[in-house]
Amino acid sequence: MKIALAQFNPIVGDIEGNTARMGDFIDRARSAGAGLVVFGELSVVGYPPRDLLRKERFIADNLRAVDNLAQRCQGVAALVGYVRPTPEASGRPLQNVAGLLQNGRVEHVHVKTLLPTYDVFDETRYFQPGTAPRCFA
């Protein structure tokens, strides 16, 4: 399997610009014969998004962008970092996730388990950690 690594510097808060670049990387990876293109942590929203995470529209725009990227994932899969609401009613309202986009949809999701809280990092302020790694074929 050919794996394409999409290294770029996402701009915090620029969901539209970040996903436009990501879409170009997906198209280039497909054209190069890659089976998977891998993006960095929170590549859709930029890192660290901090208090932008408190805006409901920001979260909704991020989820729409992921759905749009998934539509471009025909003939190639993409692993992308984004934010999603926590499915459980308790804990922090959001999760920092990596989603596997394939066949026009989000096929699998892994929730970040180890959230840093030192130096400039304050992820536990915003995110509910995952409980365990998830494996899938």
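**Charges, fold and rings**

Analyst: Let's begin with charge: the protein chain carries 16 positive and 14 negative side chains, and the centres of the two sets are 2 Å apart. Lys and Arg count as positive, Asp and Glu as negative, while His and the chain ends are not counted. Each charge is placed at NZ of Lys, CZ of Arg, CG of Asp or CD of Glu.

User: Where does the model come from, and what are the ground rules?
Analyst: It is a predicted model: local features need pLDDT of at least 70, side-chain atom pairs count only at pLDDT 80 or more, and totals for chains, interfaces and linings use all residues. Residues are numbered from 1 along each chain as its sequence is written, and side-chain values use heavy atoms, with hydrogens and water left out.

User: How many helices and strands does the protein chain have?
Analyst: Two helices and five strands. The order along the sequence is β-α-β-α-β-β-β. Helices (H or I, at least four residues) and strands (E, at least two) are DSSP runs, numbered from the N terminus.

User: What is the radius of gyration of the protein chain?
Analyst: It is 14 Å, which agrees with the value near 14 Å for a compact globule of 137 residues. That radius is taken over C-alpha atoms, and the globule rule is 2.2 Å times the number of residues to the power 0.38. The C-alpha trace spans about 40 × 30 × 25 Å along its principal axes.

User: How much of the protein chain counts as buried?
Analyst: 40% of the 137 residues. Buried means under 20% relative accessible area, exposed over 50%, and partly exposed in between (1.4 Å probe, protein chains only).

User: OK, rings now. How many aromatic pairs are there?
Analyst: Five. Rings of Phe, Tyr and Trp (its six-membered ring) pair if their centres lie within 6.5 Å; planes under 30 degrees apart count as stacked, over 60 as edge-to-face and the rest as tilted. Take Phe 25 and Phe 39: their ring centres are 6.2 Å apart and their planes at 75°, so this pair is edge-to-face.

User: Where do Phe 25 and Phe 39 sit?
Analyst: Phe 25 is in helix α1 (residues 15-31), and Phe 39 is in the loop between β2 (36-38) and α2 (56-72). They are 14 residues apart, and the pair links distant parts of the chain. Phe 25 is buried at 16% relative accessible area. Phe 39 is buried too, at 7%.

User: And Tyr 47 with Phe 121: what are the distance and angle there?
Analyst: The ring centres of Tyr 47 and Phe 121 are 6.3 Å apart and the planes are at 40°, so the pair is tilted. Tyr 47 is in the loop between β2 and α2, Phe 121 in the segment after β5 (105-111), 74 residues apart. Tyr 47 is partly exposed at 28% relative accessibility, and Phe 121 is partly exposed at 25%.

User: Which residues form an aromatic cluster?
Analyst: Phe 8, Phe 25 and Phe 39 form one.

User: Let's switch to the backbone. What kind of peptide bond joins Tyr 47 and Pro 48?
Analyst: A cis bond, with omega about -5°. Most residues other than glycine have a negative phi, and most peptide bonds are trans.

User: What about phi of Leu 42?
Analyst: Phi of Leu 42 is positive, near 50°. Leu 42 lies in the loop between β2 and α2 and is buried, at 0% relative accessible area. Arg 50 has a positive phi too, about 45°. Arg 50 is in the loop between β2 and α2 and is partly exposed at 44% relative accessibility.
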